[in-house]
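Hi,

Here is the structure I promised to pass on.

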Amino acid sequence: MSIGAVLLVLSMGLDVFAGGLALGIAGLPRPRWTRTAAVFACFGVVLLALGDLFGRLLSDTLGSVASYLAGGLLLVLGLRAVLDVVRSGYDEGSSLRSLDPRSVMLTGLVVSLDKLAVGVALAVVDVSLAPVLVYLAVQGFVATFAGLLLGQRLGSRLGDAAHLVAGGVFVVLGAIILYQTAASRSLLT
């Protein structure tokens with residue numbers, strides 16, 4: 001396996017790890033962790049498969065659009081969370097709303113959107129998709145669960161500041177995705 005492939009494989013787990021970290025910091029209850037990790041893993045697998053399908057049918061423009069969308073949405077969600085805490089202080093009701101099942105599912109979808117772009121890229125590479133999907137499912141589950149665990153520990157130590165950190169994680173992740181997408185586009189031109 002090449003260094004580039006290893007870095008790609010590792011980076012595909014960082015986004016769901018960061019999503020799990022933010023939810024753990026925000027206080028997602030432990031009984032929901034397994035289901036949340038499974039949902040994040042499923043989103044990654046489905047979006048990678050769809051990206052591969054679209055990549056075989058379309059050009060690589062779709063991959064860039066998906067990456068920009070994922071980065072922008074994460075940046076906006078993170079900034080919104082940070083601004084809410086800064087403007088009005090920490091609000092337990094706001095935190096509970098951000099942890100409702102619909103919001104958690106939206107977080108899983110957003111942090112997995114870059115898998116669509118990876119799938120588009122994989123469509124032009126001669127690689128067997130089935131092992132990649134199995135690996136991604138396992139990695140997504142484990143990375144999300146690890147993020148939740150670490151996030152809970154950080155959240156209990158940081159107190160109210162944990163919600164600023166959770167928003168900051170999304171801001172940083174969104175900025176990284178936007179930067180990487182822009183940098184890779186400039187390398188192709």
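Below is what came out of it, starting with confidence and moving on to helix packing and a cavity.

First, this is a predicted model, so to speak of local features we need pLDDT of at least 70, and side-chain atom pairs count only at pLDDT 80 or more, while totals for chains, interfaces and linings use all residues. Residues are numbered from 1 along each chain as its sequence is written, and side-chain values use heavy atoms, with hydrogens and water left out.

The protein averages a pLDDT (the predictor's confidence in each residue, from 0 to 100) of 78, and 76% of the residues score at least 70. The pLDDT is below 50 over residues 91-96, a stretch with four contacts (heavy atoms within 4.5 Å) beyond near neighbours in sequence.

Now the packing. Helix H2 (residues 33-57) meets helix H7 (residues 129-158) at about 145°, with the axes 8 Å apart; axes are lines fitted to C-alpha atoms over the stretch in contact, and angles run from 0 to 180 degrees between N-to-C directions. Among the residues making the contact are Phe 40, Ala 41 and Gly 44 of H2 and Leu 136 and Gly 140 of H7.

Those five also turn up in the lining of the largest cavity, along with Met 12, Val 16, Ser 112 and Lys 115. A cavity here is a set of points on a 1 Å grid over the protein atoms alone where a 1.4 Å probe fits but cannot get out, and lining residues have an atom within 4 Å of a point. About 30 Å³ of space lies in it, and H2 gives the largest share of the lining, three residues.

Cheers

How values were computed. Helix = DSSP H or I, 4+ residues; strand = E, 2+ residues; numbered from the N terminus. 1 Å grid on protein atoms, 1.4 Å probe; cavity = no way out; pocket = protein on both sides within 12 Å on 5 of 7 lines; lining within 4 Å. Points joined across faces, edges and corners; volume = space filled by probe spheres on them.
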